[in-house]
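This briefing covers pockets and one surface patch. Look at the structure first, then read the points below.

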Amino acid sequence: MPRIHELFIALSIFSFLLTSCEFFEGSSHIDADDANINYIGRFDFSNPKSVRFDWPGVQIIARFEGTSCSVKLKDGNNDYNIFIDGKLHKIIQTTSDTIYVLANGLQNRVHTLLITKRTEALFGTAVFEGFILDGGKELVKPDRNSRRKIEFVGDSYFTGFGADGKSADCIFSRETENSYLSFGPQLARNLNADYSIVAISGVGVTKNYGDSLRTSELPLPHYYNKSCMNDSLLWDFKKWQPDAVVVRLGRNDYWQKPHPKREMFKSAYLNFIKEIRMHYPNTQIFALCFPFRKDPHCDYINSVVNELRSKNHDNKIHFIKVDIKFNPERDFGCEKHPNRFGHQKIAEYLEPIIRKQMGWESPLKEIFPSNPFKKK
């Protein structure tokens, strides 16, 4: 028994050292304000060495030298996808630790790192403080050309709620949320675009899921101008001007009675689209609706879009009715939310529509302006 007790103590000490700065003596410590770190999404840089964030899908990208990389991260509530050289390397489930080993034992060369936040802001705020590399190693200049930009605004269909669930019957948990698999990021990758997500599960334009009143005090528009959902700091919209904004809102408003009255919903939706337009005067806006039974939100959204196009002469706003059929056995994750396959169906439905409106040619068309396979 004494030997078992000693072994337990030794293992505990080793575990502590693995996540402590002492273990990384002689390593290269890279601060969060290093110019070679690329941030995509909404971040709070009030303290550039302790960068705060909480929105789903935010990304931290870097290229590092050497055989290993660890991240200095204060969290405990969120999960992250870790991609090394374009492949999913591991999933980090944060705890009370403040240092996480992302990769080790790699070939001694330059590697590309992508960190994406799987979970949404409802799980809490995180603080990124930099990386730890092999001694003498550094980050190198990002190898990224100017890319297209898309902002996704909405609800659980953008947060990836239940997307990693095994079936429609499973109960949502932190482990089953994966914003990377939601149709927004899938669509962005298909279009070779960077993306930012401003979304919260269960929210509406006027009424949130589960609210017993006709309207909610804090629907999605309340949070839209925030750097972090859980903080008061306002976002500077000039920092990141997207080429397109895709909005999916309205389904939660009519999930259960009492429903918002027609004019109440239309007025709220109109005002929100006008707010987006104020921040992004040259951006194409796509207003989505997903028809469901006798839910009227599709008709209301279409009416608002038509009004903006006719009265405001805004020809850069478009209505899209996403009318697709899901396979219940294959396309659903937890609590009947789409899994990766369901989200893929949505992304593939939207891609040609948005590609055409944006004038973004497909990769094949860019390589071959005229179809080389067409029979003469």
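The lining of the largest pocket is made up of 11 nonpolar, 5 polar and 8 charged residues. This is a predicted model. The pocket itself holds about 760 Å³ of space, and 24 residues line it.

**Largest pocket**
- The lining residues closest to the centre of the largest pocket are Tyr157, Arg251, Trp255, Lys336 and His337.
- Trp255 also belongs to a nonpolar patch on the surface.

**Second largest pocket**
- The second largest pocket has about 240 Å³ of space.
- Its lining consists of 15 residues, and Asn38, Tyr39, Ile40, Lys239 and Trp240 are the closest to its centre.
- By type, the lining of the second largest pocket splits into 6 nonpolar, 4 polar and 5 charged residues.
- Strand S2, which covers residues 38-40, contributes the most to this lining, with 3 residues.

**Nonpolar surface patch**
- The patch is formed by Tyr209, Trp255 and Phe292, and together these residues have about 330 Å² of accessible area.
- Phe292 sits in the loop between strand S15 (284-289) and helix H6 (297-311).

Methods
Residues numbered from 1 in each chain as written. Predicted model: local features only at pLDDT ≥ 70, side-chain atom pairs only at ≥ 80, totals over all residues. Heavy atoms only, no water. 1 Å grid on protein atoms, 1.4 Å probe; cavity = no way out; pocket = protein on both sides within 12 Å on 5 of 7 lines; lining within 4 Å. Points joined across faces, edges and corners; volume = space filled by probe spheres on them. Nonpolar A, V, L, I, M, F, W, Y, C, P; charged D, E, K, R; others polar. Helix = DSSP H or I, 4+ residues; strand = E, 2+ residues; numbered from the N terminus. Patch = residues over 30% accessible without salt bridge, like charges linked within 9 Å, V, L, I, M, F, W, Y side chains within 5 Å. Areas by Shrake-Rupley, 256 points an atom, 1.4 Å probe, with all protein chains shown as cover. Salt bridge = Lys/Arg side-chain N within 4 Å of Asp/Glu carboxyl O.
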